[in-house]
Amino acid sequence: MEIEDKSYLSFPPPQTIKRRKFQSHIYLLGCAHPVLIMSFRVQFIKCMVCVILYIIVCFIWLRMKHRSDFVVRSDLPLFVNQSKEKYIIVQQTITKAINSSERDEIISDPINSQESISLLHQISKICDKYNLKTPLTRRHFLYDSERKSVYCWIRKIASTTFTKLFSDMKNRQVTHDYYREVDFLAPKTQKELHHIVNDKNTFKLLIVRHPFQRLVSSYRDRIEDNSKYTAQAWIYAKKIFYLTRPHLFRSNISTGDFQERVFTHDKRLKLIPTFKEFALWLLQSSEQDDVHWDHYYTHCSVCNIRYNYILKLDNYTYGQINYVFSRLGLNYKNTYLPRLEKTRGGYTNFDTTCKYFRNLSQDIIFKLYERYKIDFEMYNYDLNRYIFCTNKKN
């Protein structure tokens with residue numbers, strides 16, 4: 001009897017099955033089903049996105065937890081020296097007053113008390129010399145009643161740093177728009193301000209820097225830096241160009257009107273006034289000064305207030321900063337001080353200022369000095385170095 005061949009019904013060995021499945025998968029992925037390939041890729045991308053989002057969420061959570069927990073940072077300096085072109089701001093502060101032993105430790109880098117006394121005497125002398133009377137402006141002062149401390153802010157002289165400091169002292173969690181903080185930190189009424197400045201137990205702080213460095217810094221930040229909108233550029237560029245480039249106001253079909261020539265649609269400058277143009281306009285302007293380049297003595301009423309301490313930002317020492325913190329009732333060892341974003345192009349020191357003054361004539365420099373003469377005399381600032389900055393061809 002003939003036996004039927006049923007070998008086709010037998011099962012292949014396991015190795016053969018695995019090999020065939022693998023080949024089948026390759027065939028399906030590579031040739032037969034491109035939709036499956038796409039589906040696999042989409043699923044892979046979704047998984048990767050989920051992983052990345054998870055990492056980001058964890059990172060944000062850790063940062064928030066770090067900020068909410070108080071951390072002692074004794075390894076951080078109070079201020080970064082200006083030669084390193086950095087400012088810093090206060091992020092966290094201790095609200096309790098320090099005791100006498102801690103205060104002694106903080107001012108271990110001593111200040112020159114005689115220098116401070118001489119400077120205060122010089123201010124009084126200049127006020128008498130010119131018979132100056134300056135009105136008190138409430139919004140120019142920041143006040144902390146708990147620590148009995150008042151500070152007069154001057155724009156472009158670490159004003160954001162100290163606004164943040166006073167804001168933190170009141171436990172206000174602010175991360176931007178420090179200009180508006182003045183409304184919350186200023187004395188509530190004019191009467192209260194008069195009482196504060198006449199109170200002998202209130203610590204009164206003023207911070208200044210060389211008037212020419214502040215002037216250049218203000219120009220760079222508020223006029224020259226066209227990466228952002230500033231009220232100063234929007235308001236004063238038109239006035240500057242009206243004096244220095246009147247042809248810009250003659251509109252025609254090809255060039256458009258003044259606004260189209262000078263400003264972008266979001267009010268940033270397309271055409272930037274030079275520092276020389278800015279200086280020429282400033283010298284002939286008869287309107288009230290902007291707070292970014294007004295006089296120190298008028299802005300902070302120095303002839304009507306007996307300040308306790310004047311800090312000169314140009315050449316301060318750690319001892320001076322420590323002294324200020326001690327008078328504010330703060331322990332700097334328990335203060336976290338991250339760095340503040342610096343001005344575009346770097347800090348404005350003497351070398352930077354000299355570069356901008358290079359395009360001015362000596363006559364313009366002398367006129368600028370006359371404009372800020374009282375501030376120069378009050379704080380013993382030097383003019384001679386800046387005269388040599390100018391290009392004699394100008």
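Residues are numbered from 1 along each chain as its sequence is written, and side-chain values use heavy atoms, with hydrogens and water left out. Because the model is predicted, local features need pLDDT of at least 70 and side-chain atom pairs count only at pLDDT 80 or more, while totals for chains, interfaces and linings use all residues.

Salt bridges come first. Side chains of opposite charge can pair when their charged atoms come close. Here, a salt bridge is a side-chain nitrogen of Lys or Arg within 4 Å of a carboxyl oxygen of Asp or Glu, and the structure holds 16 of them. One of these joins Lys-164 to Asp-168, at 2.9 Å from N to O. The two residues sit 4 apart in helix H5, so about one helical turn lies between them. Helices are DSSP runs (H or I, at least four residues), numbered from the N terminus. Lys-164 has a relative accessible area of 2%, so it counts as buried, and Asp-168 is buried too, at 4%.

Arg-214 pairs with Asp-294, with 3.0 Å between the closest N and O atoms. This pair ties together distant parts of the chain, 80 residues apart: Arg-214 belongs to helix H8 (residues 211–224), and Asp-294 to the loop between helix H11 (275–284) and helix H12 (296–299). Both partners are buried. Arg-222 also makes a salt bridge, this time with Asp-221, the closest N and O atoms being 3.4 Å apart. Arg-222 is buried at 12% relative accessibility, as is Asp-221 at 9%. Shared partners link Lys-156, Asp-221, Arg-222, Asp-225 and Lys-228 into one network of salt bridges.

Next comes the second largest pocket, which holds about 230 Å³ of space. On a 1 Å grid over the protein atoms alone, a pocket is an open set of points where a 1.4 Å probe fits, with protein on both sides within 12 Å along at least five of seven lines; lining residues have an atom within 4 Å of a point. The volume is the space filled by probe spheres set on the points, which are joined across faces, edges and corners. This pocket is lined by 15 residues, and Ser-124, Cys-127, Val-302, Cys-303 and Ile-305 are the closest to its centre. Helix H4 (residues 113–129) gives the most to the lining, with 5 residues. By type, the lining has 9 nonpolar, 3 polar and 3 charged residues.

Leu-53, in helix H2 (residues 34–68), is partly exposed at 49% relative accessibility.

Finally, a few single residues. Asn-171 is not a glycine, yet has a positive phi of about 60°. Asn-171 sits in the loop between helix H5 (159–169) and helix H6 (182–185) and is exposed, at 52% relative accessibility. Asn-380 also has a positive phi, near 55°, and lies in the loop between helix H16 (373–378) and helix H17 (384–387). Val-182, in helix H6, is buried at 1% relative accessibility.

Key. Nonpolar A, V, L, I, M, F, W, Y, C, P; charged D, E, K, R; others polar. Buried < 20%, exposed > 50% of the residue type's maximum accessible area, 1.4 Å probe, protein only.
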